[in-house]
Each structure stands twice: as C-alpha cells, then as structure tokens.
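Welcome! Have a look at the sequence and the fold below, and then we will walk through them together.

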Amino acid sequence: MDLTDEPDDTEVVVRTDALTKTYAGRRAVDAVDLTVRRGEIYGFLGPNGAGKTTTLRMLLGLVRPTGGSARVLGGHPGTPEVTHRLGALIEGPGFYPYLSGRANLETLARYRGLPHSAVADALARVGLTDRAGDKFRSYSLGMKQRLGVAAALLGDPELIVLDEPTNGLDPAGMADMRALVVALARDGHTILLSSHLLAEVEEICDRVGIIAGGRLRAESTVAELRGTSRLRIVATPTERAVATAQRLAGRAAVDVDLGDPAAPAVRIDVPAERTPELVAALVADGAAIHDVRRTERTLAEVFFEMTGSAEPEPTDLLEAAR
Amino acid sequence: MSTTTALPSARYGVARAWRAETFRLRRWTAVWVLAAAWLLLDALFTFVFNWVSYASGSTNFSNQGESKADLLASILPGALAENLPQGMPLFGGALMMVLGAIIAGNGYGWGTWKTVFTQGPSRTSTVLGSILATMTAVLALLVVTIALDVAFSLVIAGAESQSVHLPTAAAMGKSILAALMVMEMWALAGYLLGTVARNPAVSIGLGLVWNMVIENLLRGVGNSLHAVAVLTHFLPGTSAGSLVGRLAGIDPVNATPGVFDTLGTARAVVTVAIYLAAFPVLAGWVLRRRDVA
C-alpha cells in the first residue's frame with residue numbers, strides 16, 4: 001500500500017477523532033486526528049509539553065479524554081480486548097524497585113497469563129539477560145529503559161507503544177534500540193514511537209506526526225514532510241542562467257542565493273530527475289556550470305518550522321549536554 | 001508473529017492479577033518486616049512478658065491486680081480464644097493499615113499502576129486482584145499468628161506442668177472471625193488511604209494518627225459530650241474494639257488497649273462488615289475512574 005493513500009479500516013491500528021484532553025481549562029491535547037497503520041513505524045514528534053505523552057496515555061486508557069474519541073486495534077482504549085494485544089513503555093519504566101528485572105517481568109507475565117519462557121525471550125531481546133537477576137533499583141537509567149522495552153515486548157503484542165525508548169541509553173544502546181524497533185516492524189508489529197530525537201525518527205520511521213501546543217501540525221511520510229529536493233546550481237553569467245531556469249521550471253521555482261557574492265547560486269525547485277535536462281539547457285544557452293548540488297530539508301528543519309521553535313545553536317546544545 | 005494470549009475473561013483477569021500481586025508481595029521485604037513486627041508484638045505482650053512476670057512474681061502495667069494463678073491461666077491454651085484478637089484492634093490494626101497503604105500507595109510513586117493497567121486484565125479486575133492479594137496476605141498472617149499463639153501456650157503449659165484445656169470450637173471460631181474481620185478491615189482502610197493519597201507516607205501518617213490518637217481523643221471527649229459519644233459508635237476503631245471484646249468474650253477492664261464493650265455484638269459485626277465492604281469498593285471506584293499519570 002502507498003503510505004500516502006487513505007487506508008481502509010482493516011489497515012488502521014490507531015485512529016483518533018478530535019481527541020482532546022483539558023486540564024483546568026488548558027487544552028493539553030486539542031482535537032488531534034492521527035492514524036497509525038498496520039505494520040508501520042509511526043514517529044510521534046513534538047517539543048516538551050506538546051501533548052505527546054498525554055495523547056499516548058489516552059490511547060492506552062490511562063487517561064480519559066475530555067472530548068473526541070480513539071480506536072485502538074479496533075476497540076476502546078484501556079479495555080482488555082485492546083490492552084492484551086499491545087505493549088507499552090510510557091514516560092519512563094514503572095517497576096517494583098525491590099524485585100529483580102526478571103521478577104518484575106515475571107509479575108507482568110502473570111498479569112498476561114504468559115509462560116515463563118516469554119520472560120526469558122523478552123530479556124534476551126533487549127540484551128538484559130546477564131543482569132536480569134539484579135534488583136531493579138540497582139539498574140542504570142539505560143538498563144531501566146531496556147527493561148521497560150522488554151516489558152512492552154512481553155507476549156509479542158501486535159501494537160508496541162514506546163515513549164522515548166532511547167532515553168538514558170548510550171550511543172551503542174541507542175543504535176541497538178533502533179535496530180530492535182526496525183526488526184520488530186519487519187516481523188509485522190506496528191510501532192508507535194514517541195521521540196524527541198529527530199534524526200532517529202527520520203532514520204527509522206515510515207510516517208510521522210508532529211504535535212505542538214496540543215495540536216497535530218502535520219502527519220505524513222518523512223519524505224513528503226521534507227518536500228521536494230532543490231537543485232542548487234552555480235553558473236555564470238547568472239542572468240543567463242536565471243533566464244534559462246525560469247523558462248524551464250517556471251518563474252516561481254527559481255531564486256538567486258547571494259550568500260557568496262563572488263559565486264551567486266541559482267536555486268531551482270524541481271524534482272531531482274530533471275537535473276540532466278536543466279544542466280543541458282544551461283550549457284546550451286551558453287552558461288558555464290561551476291557546481292551542481294541537490295539540497296533537501298531535514299526533518300529537523302521541518303519540525304522547527306512547524307512547532308515554531310528555534311533550531312538550537314550548536315553552542316546551546318553543548319551547554320545542554322553539560 | 002505474535003504469541004499474544006487469548007483474551008482473559010473478567011474472572012481470569014482477577015485470578016491473573018491476584019497471582020501476580022501475591023507473587024510480588026511474597027518477595028517484598030517490607031511485607032515480611034510488618035509481619036515480623038506484628039508476630040513479635042503478639043509474642044511479647046501476650047505471652048513473654050506475662051510469663052516472665054508469673055515466673056519472677058513481678059507485676060507490669062497489664063497484669064496489676066491479677067493473682068499468680070490468673071496470670072498463668074491467661075497464657076495457657078484455655079485462654080487462646082481471648083488472647084488471639086486482643087492486640088488487633090489497635091496495634092495489629094495499625095500494622096495492617098500500614099501494609100494496605102504501602103501496597104496501594106507505592107504504585108503511584110513507582111509508576112507501577114500505569115504498568116499493570118496496560119497488561120490485559122481490566123482495571124476493575126486488576127484492582128480486585130490487588131485487593132484480594134492484600135487480604136490473602138492478612139489471612140496468611142492470621143494463620144501464622146494462630147499457630148504461634150498455640151505453640152507458645154502449649155510450651156508454657158508444658159513448662160509449667162499444666163494440663164492442656166483447649167477453648168471450645170465455637171469460642172475459637174468466634175475469636176478467629178473477630179480477628180480476621182478486624183485485621184482485614186484495617187488493611188483495607190490502609191489500602192483506601194494509600195489510593196486516595198496516591199502516596200504511602202501521607203496515608204500511613206494519616207492512618208496512624210487516626211487509629212492511635214484521634215479516635216481515642218474522640219472517645220475521651222465523648223465521655224462529656226453525648227453527640228460525640230454517639231459519633232464514636234460508628235467509627236472503625238470503636239467498632240473493631242467492640243467486635244473483639246464481644247466475640248472473644250473479653251472483659252474490657254483487663255483487656256489490651258483498643259478492646260471495648262461499647263457496642264453490642266450484632267451492631268459491632270454489622271458496622272465492621274460495612275467497613276469491610278465499603279473500603280475496597282471505594283478504593284476500586286477511585287482507581288477505576290482516576291487518570292493514571
């Protein structure tokens with residue numbers, strides 16, 4: 001199925017209709033319509049306080065909506081018909097600190113009516129078998145997070161909801177987690193992944209929903225959100241290159257980048273496959289081509305545009321890291 | 001893909017939740033500490049201190065005015081029906097309230113309610129399973145208490161060369177019923193407090209102040225104000241104390257603090273039974289309706 005097509009009901013795992021949650025007069029989630037399709041990795045993006053976790057909690061039946069509705073796996077959120085078919089890690093793992101990682105999962109396996117082997121499988125899948133006998137309270141943040149993901153995998157559920165699963169993981173752990181998510185999707189699971197790591201979402205998600213201020217600003221494939229790639233051509237004389245580009249691509253698709261006055265560049269909004277045609281036309285019209293590049297917006301640029309937040313400067317990131 | 005389990009019916013949901021909760025309660029040190037504290041208090045105040053007083057001929061606050069023969073009789077198997085529930089309205093009840101409060105209240109701080117509410121059983125089944133597991137823990141502790149009391153009284157009878165006369169089955173049955181109702185009532189009160197406060201520390205503090213201080217103060221004020229006295233007749237402490245006093249046939253003059261004869265047997269049974277039903281229903285209602293963060 002084309003990811004941009006309207007899916008039929010059998011292909012939809014999560015669908016919300018004007019889902020709303022109000023706290024003391026403030027709309028934490030405001031009429032959100034989102035659709036998660038079977039077998040996809042859906043990235044749910046938004047800045048802190050945007051309403052991501054509240055939305056996910058409503059989908060799990062932990063929080064009651066103030067308005068609108070949601071269908072998860074064809075049923076009402078929080079009902080046994082739904083919860084026994086999904087696994088979730090929501091806003092940090094919630095476990096009994098006095099129990100070992102294994103005993104915590106054994107407790108949850110009893111809730112689910114699962115055999116003992118399900119616990120061992122889940123622990124192995126997140127690479128926690130060696131430390132499974134240690135008390136949960138002695139775990140590092142990354143190990144707690146991995147145990148949370150293991151709990152979400154118990155019973156091999158159809159839908160897996162992961163809220164910031166890479167929180168606290170080191171780079172290797174993050175890479176492992178990404179690989180795990182991709183492998184789960186390949187096995188036929190549907191993954192609803194909330195994350196603030198844009199590169200991570202861009203890398204592994206099929207479709208993305210961007211929420212800000214409680215409202216869903218966009219929902220589409222990553223490619224569609226990033227839009228058409230642009231050609232950036234440095235050619236002289238500039239006037240002749242602009243005239244040729246405007247003739248082929250239309251006036252609106254062409255502008256001039258004067259960032260480097262010594263080599264002004266002609267930017268053209270056209271699909272990348274038209275590159276040979278444009279270059280040939282420019283040369284035929286007597287322009288000298290010095291550089292041809294394809295430029296694409298990153299998901300981060302789209303995100304900051306839609307959420308209205310400023311893209312952080314590298315120095316800010318360094319400060320935050322400290 | 002998917003070894004997803006069959007959909008649990010409501011009954012199986014409760015059973016699964018009960019199994020899961022008993023599994024994790026058995027491994028919780030705090031539960032064992034509370035149980036040990038109760039058994040130690042029971043052994044010391046019911047048997048050890050009185051036996052030492054008997055053997056040494058000294059008196060303590062609980063046996064002043066009693067003859068040596070009465071003192072010995074009070075710790076022999078024949079007094080089991082009276083001894084078993086005596087410490088439960090006040091001290092045992094307080095410990096059981098702490099148990100209920102930590103079981104329900106810690107789920108908020110640890111975030112475990114949100115985890116277990118997404119495991120399959122409905123919220124109602126999950127809460128019911130948790131409440132039943134709490135009640136099972138109390139029942140198990142009562143069984144151990146009975147065994148401990150029997151063992152102590154038999155050891156004392158043997159050591160003092162006394163013949164063994166056991167209470168009648170009816171007397172023992174009423175005593176066990178009173179003990180069970182009172183201990184369960186306080187545990188469920190703690191469970192409700194832990195649920196409402198979403199926090200074990202606040203609920204334990206409130207519960208203990210209520211159980212150990214406020215009800216006693218109100219009963220004191222009730223001596224001079226009739227309206228307050230009437231009010232105290234509906235309170236859990238007075239009801240539990242009266243239930244133990246009446247069903248176990250204890251003379252309140254020589255009884256452990258917290259044992260009364262304020263209410264008649266039927267009134268005490270009914271009031272405690274209402275609390276036994278109301279506390280879990282209220283806790284379940286709150287947990288079922290509440291947003292879980």
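## A residue to start with

Is A:S220 buried, exposed or partly exposed? A:S220 is partly exposed, because 15 other C-beta atoms lie within 10 Å. Here a residue counts as buried if 20 or more other C-beta atoms lie within 10 Å of its own, as exposed if 12 or fewer do, and as partly exposed in between, with C-beta atoms placed from the backbone.

A:S220 sits in strand β10 (residues 215-221) of chain A. Leaving out neighbours within four places in sequence, A:S220 is in contact with A:R207, A:V208 and A:L225; contact means that the C-beta atoms, placed from the backbone, lie within 7 Å. A:T35 is 185 residues away in sequence from A:S220, yet the two C-alpha atoms are 9.8 Å apart.

## How to read this model

This is a predicted model, where local features need pLDDT of at least 70 and side-chain atom pairs count only at pLDDT 80 or more, while totals for chains, interfaces and linings use all residues. Residues are numbered from 1 along each chain as its sequence is written, and chains are lettered from A and ligands numbered from 1 in the order in which they are written.

## Chain A as a whole

Chain A holds twelve helices and 14 strands. These are DSSP runs numbered from the N terminus: H or I of at least four residues for helices, and E of at least two for strands. Of the 322 residues in chain A, 43% are buried. The C-alpha atoms of the chain fill a box of roughly 75 × 40 × 40 Å along the principal axes.

Chain A is divided into domain 1 (9-225) and domain 2 (228-295), with bounds from an automatic or database domain assignment. The centres of these two domains, taken over C-alpha atoms, are 45 Å apart.

## A helix with two sides

Helix α6 (residues 171-186) of chain A has 16 residues and spans 23 Å from its first C-alpha to its last, close to the expected 22 Å. That expected span is 1.5 Å times one less than the number of residues.

Its buried residues are A:M177, A:R178, A:V181, A:L184 and A:A185. They lie on the same side of α6(A) because they cover an arc of only 125 degrees around the axis, the arc being that of the directions from the helix axis to the C-beta atoms. On the other side, A:A172, A:A179, A:A183 and A:R186 are exposed. The cover over the buried residues of α6(A) includes β4 (41-45), β7 (159-163), β8 (190-195) and α7 (198-204) of chain A.

## An enclosed strand

Six of the six residues of β8(A) are buried, so this strand is largely enclosed by the rest of the structure. A:T190, A:L192 and A:S194 are on one side, and A:I191, A:L193 and A:S195 are on the other.

β8(A) pairs in the parallel sense with β4(A) over five bridges, and also with β7(A) in the parallel sense over five bridges. Strands pair if DSSP finds at least two bridges between them. A:L45 has A:S195 as its bridge partner, while A:D163 stands opposite A:S194.

## Where chain A touches chain B

In all, 36 residues of chain A are in contact with 31 residues of chain B. On chain A, α2 (80-83) and α3 (101-112) each supply at least two residues of the touching side, and α3(A) gives the largest share, seven residues.

Notes
Two residues are in contact if their C-beta atoms, placed from the backbone, lie within 7 Å.
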